[in-house]
Amino acid sequence: MAVGQEDFKKILKEKGLKVTRQRLVVLEVLAGNAEEHLTAEEIYDRVKADNPDIGLATVYRTVQLLLELELIDRISLDDGFVRYEIADRRERERHRHHHLICLKCGSVTAFQRDMLEALETGVKTALGFHVTDHEVKLYGFCRDCLEKRKEENQEGKI
């Protein structure tokens with residue numbers, strides 16, 4: 001469950017921070033695009049569409065604040081960009097979701113299923129190391145790209 005606007009206002013006030021329109025708008029953009037992994041520049045492009053007075057520096061500062069408050073997560077998809085997504089506060093107790101990255105079209109799909117619990121238990125037993133979090137990125141080809149490739153093979157294009 002991602003944080004809502006009222007919860008965000010409460011968190012800001014509890015931390016002694018101002019509730020500003022800019023902060024709320026950036027959070028709204030991230031919450032409204034929860035399935036996407038946006039760069040700061042992409043967040044800025046979406047914010048400025050309805051709020052042309054908000055600058056890129058404000059977006060960067062707000063993103064940094066949201067990171068510090070653990071309301072958003074920073075992720076790297078190995079494409080040279082830092083991306084952000086709205087955090088699920090319940091996931092703080094567990095592991096975060098993972099990502100499937102298509103090598104053909106570049107699509108990114110998040111998945112929740114955690115299959116590494118046995119590995120973590122083995123690491124703790126064997127090495128005495130307690131894993132608190134991990135990040136998994138699996139690279140391959142999405143269903144659509146596999147279908148296109150199959151069709152091209154049948155047509156003799158490949």
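Modeller: For the angle between two axes, under 35 degrees counts as roughly parallel, over 145 as roughly antiparallel, 65 to 115 as roughly perpendicular and the rest as oblique. The model is predicted, with local features needing pLDDT of at least 70 and side-chain atom pairs pLDDT 80 or more, while totals for chains, interfaces and linings use all residues. Residues are numbered from 1 along each chain as its sequence is written, and side-chain values use heavy atoms, leaving out hydrogens and water.

The axes of helix H3 (residues 40–50) and helix H4 (residues 56–68) cross at roughly 120° and come within 9 Å, and H3 and H4 are therefore oblique to each other. On the H3 side the contact (heavy atoms within 4.5 Å) is made by Ala-40, Glu-41, Ile-43 and Tyr-44, and on the H4 side by Leu-56, Val-59, Tyr-60 and Val-63. By class, this contact of H3 with H4 has 7 nonpolar residues, no polar ones and 1 charged, where Ala, Val, Leu, Ile, Met, Phe, Trp, Tyr, Cys and Pro count as nonpolar, Asp, Glu, Lys and Arg as charged, and the others, Gly among them, as polar.

Leaving aside neighbours within four places in sequence, Ile-43 is in contact with Val-26, Val-29, Leu-30, Leu-38, Val-59, Val-63 and Tyr-84. In the largest nonpolar core, which has 24 residues, Leu-30 and Ile-43 touch the most other members; such a core is a set of buried (under 20% relative accessible area, 1.4 Å probe, protein chains only) Ala, Val, Leu, Ile, Met, Phe, Trp, Tyr and Cys residues joined through side-chain atoms within 4.5 Å.

Methods
Axes fitted to C-alpha atoms, helices over the stretch in contact; angles between N-to-C directions. Helix = DSSP H or I, 4+ residues; strand = E, 2+ residues; numbered from the N terminus. Buried < 20%, exposed > 50% of the residue type's maximum accessible area, 1.4 Å probe, protein only.
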